[in-house]
Amino acid sequence: MPLIGPLARARLVALARRSGAGERTVGAALSLESTLDEVSFVLGPALVGLAAVLAHPAHALAGAALLVAACGTAFALHPTARATAPTAPTAPAAPTAPAAPSGVSRARARAPMPRAVHALRGSLALQGAMFGACQAGITALTERLGQPDQAGLVYAAMGVMSAFAGLAMAAVPARIGLRARWRAATGTAFLLSLPLVWTDGLVALYAVVTVLGVAYAPHLITVFALTERTVPRARLSEAMAFATSAIVGGQALAVAVTGRLAESHGPGAAFAVASLAAALACALALAARPAPHAEGRDTGSHARVPDASARTPS
């Protein structure tokens, strides 16, 4: 799959920045993008299942391929792609030195990634591990209860709640900074995941998993926003793609490991891994100190619109 999601996220932020949008508008845009991602996560499997029942599983796969080919190509060729191209800052003429307009762009493109970005990627990988462990635990528990067909619906309930929470992030006051939101989201995920370890009924599973969805989208939105403010603008697409891959990698590894745990030790073992991943993500959020890149974006205790005249070229 082409990484359309993270590339769209990077383009969305770049367009907002070029139009002079403030931090609140950028945050609202990321909230909307994350909500659409959650909605597709919930509706996609349902539509595939419907197509498989009404026609044939191959038709569902062909439909997905056509969507990627048509919409992905249109996205790639759209003129807004230029928004993420690195641009050289305007500098006063230097008569004694030869001009090198392309060198500045190359220097921006080679700008090193700050070390703080690794903590953000680790946090997303741990959230992916939570996804995977919850998926294995939900599948194992619904099978134990004799209702394996409920697994997808339980997971969808978590996605729906996560989507609503993502939309609500746009209403969070700007005075609550991104680092505080990061810590709050990871701490909430840890606390809300603990009841899963002792859940043994379908109704309780629905209730606990749905409430747990409150923490997912806020964490994703916040870490993507921190990534946008921490990395050089010329490497934003790369950073967003790496962040999305961290989620997928964490989820894949957790499914492989916790699936075996759930088979041998029961669903509670998989859910315990999910709580452990949430605890590690919370510890990472408490210890990390991501700083804004030199281009002037803020990650501190409150969001502010950077002064364009004070930006330092990287």
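Helices here are DSSP runs of H or I with at least four residues, strands are runs of E with at least two, and both are numbered from the N terminus. Keep in mind that this is a predicted model: local features need pLDDT of at least 70, side-chain atom pairs count only at pLDDT 80 or more, and totals for chains, interfaces and linings use all residues. Residues are numbered from 1 along each chain as its sequence is written, and side-chain values use heavy atoms, without hydrogens and water.

Start with leucine 47. It sits in helix 2 (residues 23-54).

Now the aromatics. The structure has 1 aromatic pair. The ring centres of phenylalanine 131 and tyrosine 216 are 4.6 Å apart, with planes at 45°, so the pair is tilted. Rings of Phe, Tyr and Trp (its six-membered ring) pair with centres within 6.5 Å; planes under 30 degrees apart are stacked, over 60 edge-to-face, the rest tilted. Phenylalanine 131 belongs to helix 5 (residues 116-144) and tyrosine 216 to helix 9 (residues 216-230), so the pair ties together parts 85 residues apart in sequence. Phenylalanine 131 is buried at 13% relative accessible area. Tyrosine 216 is buried too, at 2%.

Last, confidence. pLDDT is the predictor's confidence in each residue, from 0 to 100. The chain averages 82, and 85% of the residues score at least 70.

Notes
Buried < 20%, exposed > 50% of the residue type's maximum accessible area, 1.4 Å probe, protein only.
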